[in-house]
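Open the model in your viewer and keep the selection tool at hand. The stops below say what to select next and what is there.

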Amino acid sequence: MYYLHQNMINTRVEEEFSTLLANGANHRDVLVENYSDTTIKHIVLMEKNEDREVMITNRAGEVISSSDKSYMLQEEHKFIISDIDNEKDKILVSDWRNSPFIVSAHPYKVNDKQSGYVLMFQSTNSINQMVKDMNMHFAISGMTSLIVLFLIYALLSKVLTRPLIRMKEATEKLSKGDFKVNLPYFGKDELGELSSSIQKLANDLDHLKKERNEFLASIAHELSTPLTYLIGYSKVAMREGLSEKERQHYLEIIGEESDRMKDLVKNLLDLARMDETSFTVSKEYFSAQLFFENTYKLVFPLFETKKIKLNLVCEKDLQIYADPIRLEQIVLNLLDNALKYSNENSGVTLEVFKKEEKTVIAVIDKGIGIPSDEIDFIFEKLYRVEKSRSRAHGGSGIGLAVVKELVEAHGGKIEVKSKLGEGSIFKITI
């Protein structure tokens with residue numbers, strides 16, 4: 001606006017200069033063509049007004065005639081009249097801001113004796129008034145523009161900051177543990193992406209909170225069962241008058257429940273370490289055949305006790321790149337799972353082979369199987385298939401969660417194929 005303001009003023013002043021030069025040149029031409037006292041009087045008469053004056057001088061600068069009868073122009077501009085020395089039309093005084101007139105000089109020559117200047121005096125009042133009016137208009141338009149811009153800024157700020165305020169409130173709720181956050185859709189721009197991320201975080205935290213509560217409730221329930229047995233059968237075993245056979249029976253139950261609690265606590269500690277990423281996986285190359293033969297010998301008595309045949313199929317000279325301690329934990333959990341959910345006189349196969357530079361470990365059982373609609377959930381913490389049957393078989397819903405975490409820590413994957421009533425196949429690729 002400042003540039004436009006200055007440009008308009010300069011253009012308007014240039015127009016005044018051009019008009020003044022054009023009028024002066026016109027009077028000079030008329031005077032040259034028809035030089036006479038009558039022509040001079042007509043020129044003076046034409047410019048006799050409040051805004052413009054004319055003065056005609058000879059070559060020496062003496063005034064021949066003037067529309068200013070008070071001769072104030074002559075007194076005020078003696079230096080102009082006496083110092084005129086130009087052969088072309090020219091603006092002599094252009095300082096319209098500080099001078100009452102702008103002055104132009106137009107030389108004329110009729111003959112050697114009749115020559116001089118036509119001087120045009122244009123009052124600067126009109127220019128100054130125009131500039132004053134323009135300043136006022138620009139000031140009004142400038143203030144109006146500022147007000148409009150402020151209103152637009154306020155509106156846009158409100159529109160833009162409202163989502164940010166909503167998101168700020170949402171994050172404050174999250175920091176206080178309130179995960180019930182519902183942010184509206186803000187579009188596909190950066191604000192929309194940020195809102196979606198906060199909403200996803202809130203949903204994940206809410207899901208984790210529910211999982212934690214369910215986890216703690218399940219843990220309390222899982223621990224309470226063996227503790228109840230331990231306390232109850234301990235009191236029964238301490239009764240007087242029991243036969244040695246009965247006392248031995250109760251002590252065996254106490255031992256079984258103690259082992260069950262020990263395994264449960266061990267698995268819980270494994271899960272806790274995984275959640276805190278405090279466990280490490282140290283991979284190395286070792287013989288698969290020797291490793292799985294030792295594992296086979298370790299669990300074979302348990303399978304034999306339950307009258308389940310355990311088969312080991314392992315390629316010779318196969319080398320595995322893994323953490324032997326963690327891999328043993330994986331295999332033992334899978335075999336324990338197969339043992340719990342297999343029927344007597346059935347079989348379980350542990351198969352190990354190489355496929356596309358990867359090691360595949362498969363545990364195949366002919367047990368009760370898994371319903372197809374529950375396969376996707378069996379690796380969740382404390383999730384158990386058909387709670388009544390799994391409790392009857394001693395499952396806690398932790399072993400498979402540990403297996404999945406350990407397999408993924410090796411950079412591998414685990415797959416499950418199962419058919420209800422026919423058995424399951426757990427296949428690990430690392």
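Is Val281 buried, partly exposed or exposed? Val281 counts as partly exposed, because its relative accessibility is 26%, and the cut-offs are under 20% for buried and over 50% for exposed. Before going further, note that this is a predicted model.

**Stop 1**

Select Val281 in the loop between helix H7 (244-275) and strand S6 (284-287).

**Stop 2**

Begin with Glu252, which belongs to helix H7. With a relative accessible area of 44%, Glu252 is partly exposed.

**Stop 3: a positive patch**

Clear the selection and pick Lys283, Lys355, Lys358, Lys413 and Lys417. These lysines gather in a surface patch of positive charge. One of them, Lys413, is in strand S11 (residues 413-419). Lys413 is partly exposed, its relative accessible area being 48%.

**Stop 4: Asp365**

Go to strand S10 (residues 358-365) and select Asp365 there. Which side chain of opposite charge is nearest to Asp365? The answer is Lys366, at 8.1 Å. Asp365 is buried and has no salt bridge. What the side chain of Asp365 does reach is the backbone nitrogen of Gly367, at 2.9 Å.

**Stop 5: two residues with positive phi**

Select Lys307 next. Its place is in the loop between helix H8 (288-305) and strand S7 (309-314). Phi of Lys307 is near 60°, a positive value in a residue that is not glycine. Lys307 is exposed, because its relative accessible area is 52% and the cut-off for exposed is over 50%.

Move on to Asp317, in the loop between S7 and strand S8 (319-322). Phi of Asp317 is near 60°, again a positive value in a residue other than glycine. Asp317 is exposed, with a relative accessible area of 75%.

**Stop 6: salt bridges**

How many salt bridges does the structure hold? There are twelve salt bridges. The next selections show some of them.

Select Arg28 and Asp89, which form a salt bridge with their closest N and O atoms 3.0 Å apart. This pair links distant parts of the chain, its two residues being 61 residues apart. Arg28 is in helix H1 (residues 2-33), whereas Asp89 is in the loop between helix H4 (78-83) and strand S3 (90-93). Arg28 is buried, with a relative accessible area of 15%. Asp89 counts as partly exposed at 32% relative accessibility.

Then select Lys173 and Asp178. Their side chains meet in a salt bridge, at 3.9 Å from N to O. Lys173 is partly exposed, with a relative accessible area of 34%, and Asp178 is partly exposed, with a relative accessible area of 32%.

For another pair, select Asp206 and Lys210, whose side chains meet in a salt bridge at 3.7 Å, N to O. Both residues lie in helix H6 (residues 190-237), where Asp206 and Lys210 are four residues apart, about one turn of the helix. Is Asp206 buried or exposed? Asp206 counts as buried, because its relative accessibility is 15% and the cut-off for buried is under 20%. Lys210 counts as partly exposed, at 46% relative accessibility.

Elsewhere, select Arg12, Glu15 and Glu16. Salt bridges that share partners join Arg12, Glu15 and Glu16 into one network.

**Stop 7: Gln199 and Met167**

For the last stop, return to helix H6 and select Gln199 there. Gln199 is buried, with a relative accessible area of 14%. In sequence, Gln199 and Met167 are 32 residues apart. In space, the two are 9.0 Å apart, C-alpha to C-alpha.

Methods: Residues are numbered from 1 along each chain as its sequence is written. This is a predicted model: local features need pLDDT of at least 70, side-chain atom pairs count only at pLDDT 80 or more; totals for chains, interfaces and linings use all residues. Side-chain values use heavy atoms; hydrogens and water are left out. Patches are made of residues with over 30% relative accessible area and no salt bridge: like charges are joined within 9 Å, nonpolar side chains (Val, Leu, Ile, Met, Phe, Trp, Tyr) within 5 Å. Accessible areas come from the Shrake-Rupley method with a 1.4 Å probe; for residues, only the protein chains shown count as cover. A salt bridge is a side-chain nitrogen of Lys or Arg within 4 Å of a carboxyl oxygen of Asp or Glu. Lys and Arg count as positive and Asp and Glu as negative; His and the chain ends are not counted. The place of a charge is taken as NZ of Lys, CZ of Arg, CG of Asp or CD of Glu. Buried means under 20% relative accessible area, exposed over 50%, partly exposed in between (1.4 Å probe, protein chains only). A polar contact is a pair of N or O atoms within 3.5 Å; within protein, one must be able to donate a hydrogen and the other to accept it, and residues adjacent in sequence count only if both atoms are side-chain atoms.
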